[in-house]
Amino acid sequence: MTHPIDPVELAAALIAVPSVTPARGEVFDVLEAALVPLGFAVHRFLAGDEPVENLVAIRGTGAPHFGFAGHLDVVPPGGGWSGDPFVPRIEDGLLIGRGANDMKSAIAAFVAAIPTRQEKGTLSLLITGDEEGPALHGTVAIIDWLEERGIRPDFILIGEPTSENRLGDTIKIGRRGSVNMWIEVPGTQGHVAYPHKADNPVPKLARVVAALDALHLDDGNDAFPASNLEFTDVAAPPGAPNVIPGGASARLNIRFNNLQRGTDLVARVSEIAEHEAPGATVRALISGEAFLTPPGLLYDLVVSAIREETRVEPQLSTGGGTSDGRFLIKLCPVVDFGLPNATMHKLDESAALGDIRSLSRIYGRVIAKAFA
């Protein structure tokens, strides 16, 4: 039996609290107020120099331990909305507001799905305010908190918006890794009329870019598409048209599958950069490694619940962006499943009221099956 929480009303209450990343404070108050009457012990803590807030809510003891993970922070709304992005409104069957799709509605749907009684096992919510930002003090800090207390879920469902064309058509069983790199090629500034007195870094950088653009990483496998390198910026210091710049730079991102490792990719790019432009330097930030949850109980729980509610056969995918599953896989099997994602991060972000309520019923089925 579930309690009388309307997932749409709770989602609207969460949207009504601006929580641009990093999130803390009032938006967590709203969630805590919904969880405490359900018997959860709610633990909140701050982490990082620009503190972000994290919440771990736990009910019950022993096995199985089913965890739900998500984030309350949102991306900045930007201009051009048809209304205030933090004043939720319902129009034409849609809940509109920043976070409606990614992912306050999913958190509300899960809370509304929680049964009033739990005969066995442990149910937890792992909610961060640092997923849309650097993600340095969010889920990583939650994992540290759990490990310090000897708490380890058996499986985790993340409520990211994974569906494509209709609710239930896609779940994420893994994610590609991601690494950003910054290449700096030094030179010596000088007058274009006296090139022998300068060292132009632009042709050297062009050779680096060409070599990396031609690089074939792999062909992918049954679970993942091919790894992909994309340049996102190429620049030289601005100056007069008759000045050879003193340096040039490029920025790139590689989304990679489980045939690659982030550190190996950094080493490979560094080797190519040094070969084409001796003295070039490469800085890198590995956001996460590729991961894959093998078939098992968590697959079965989520897929069967989706089938029963929607009559849809979900596609098992590793495409798209990354999620905090890249951290949580350290603890246990993880899958992502949530709303259709057509409007996430967009102007007038929205979620269909019917989808929110149907998602809550799916989550309810998953919980029931997990503790059967």
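Q: Why is Arg357 called partly exposed?
A: Arg357 has a relative accessible area of 34%. Buried means under 20%, exposed means over 50%, and partly exposed is the range in between, computed with a 1.4 Å probe on protein chains only. The value of 34% falls in that middle range, so Arg357 is partly exposed. The model is predicted: local features need pLDDT of at least 70 and side-chain atom pairs count only at pLDDT 80 or more, while totals for chains, interfaces and linings use all residues. Residues are numbered from 1 along each chain as its sequence is written, and side-chain values use heavy atoms, with hydrogens and water left out.

Q: What makes the link between the side chains of Arg357 and Asp6 a polar contact?
A: The distance is 3.2 Å. A polar contact is a pair of N or O atoms within 3.5 Å; within protein, one atom must be able to donate a hydrogen and the other to accept it, and residues adjacent in sequence count only if both atoms are side-chain atoms. The 3.2 Å pair is inside the limit and is listed as a polar contact. Arg357 lies in helix H9, and beyond four places in sequence it touches Asp6, Pro7 and Val8, where a contact means heavy atoms within 4.5 Å.

Q: What makes Asp6 a cap of H1?
A: A side-chain oxygen of Asp6 lies 2.9 Å from the backbone nitrogen of Val8, at the N-terminal end of H1. H1 is a helix of residues 7-15; helices are DSSP runs of H or I with at least four residues, strands are runs of E with at least two, and both are numbered from the N terminus.

Q: How do you know that H1 is largely enclosed by the rest of the structure?
A: Seven of its nine residues are buried, so the helix is largely enclosed. Those residues are Pro7, Val8, Leu10, Ala11, Ala12, Leu14 and Ile15. Their cover includes helix H2 (26-35), strand S4 (89-91), S5, H3 and H9.

Q: Why is Arg98 called buried?
A: Its relative accessible area is 1%, under the threshold already stated, so Arg98 is buried. The residue lies in the loop between strand S5 (94-96) and helix H3 (104-113). Residues it touches, beyond four places in sequence, include Ile15, Val74, Trp81, Phe86 and His345.

Q: Which polar partners does the side chain of Arg98 have?
A: The side chain of Glu349 forms a polar contact of 2.7 Å with that of Arg98. The backbone oxygen of Pro77 is 3.5 Å from a polar side-chain atom of Arg98.

Q: What makes the pair Arg89 and Glu91 a salt bridge?
A: Their closest N and O atoms are 3.0 Å apart. A salt bridge is a side-chain nitrogen of Lys or Arg within 4 Å of a carboxyl oxygen of Asp or Glu, so the pair qualifies. Arg89 is buried at 17%, whereas Glu91 is partly exposed at 37%.

Q: How many salt bridges does this rule give?
A: The count is 20. Among them is the pair Arg307 and Glu313, at 2.7 Å from N to O. Here Arg307 is partly exposed at 39%, and Glu313 is exposed at 53%. Shared partners also join Glu308, Glu309, Arg361, Arg365 and Lys369 into one network of salt bridges.

Q: Which residues touch the most other members of the largest nonpolar core?
A: They are Leu35, Phe66, Leu125, Phe337 and Tyr363, in a core of 60 residues. A nonpolar core is a set of buried Ala, Val, Leu, Ile, Met, Phe, Trp, Tyr and Cys residues joined through side-chain atoms within 4.5 Å. Helix H9 (residues 353-370) gives the largest share of this core, eight residues. Another core, of 22 residues, lies apart from it and includes Val179, Val185, Val266 and Ile272.
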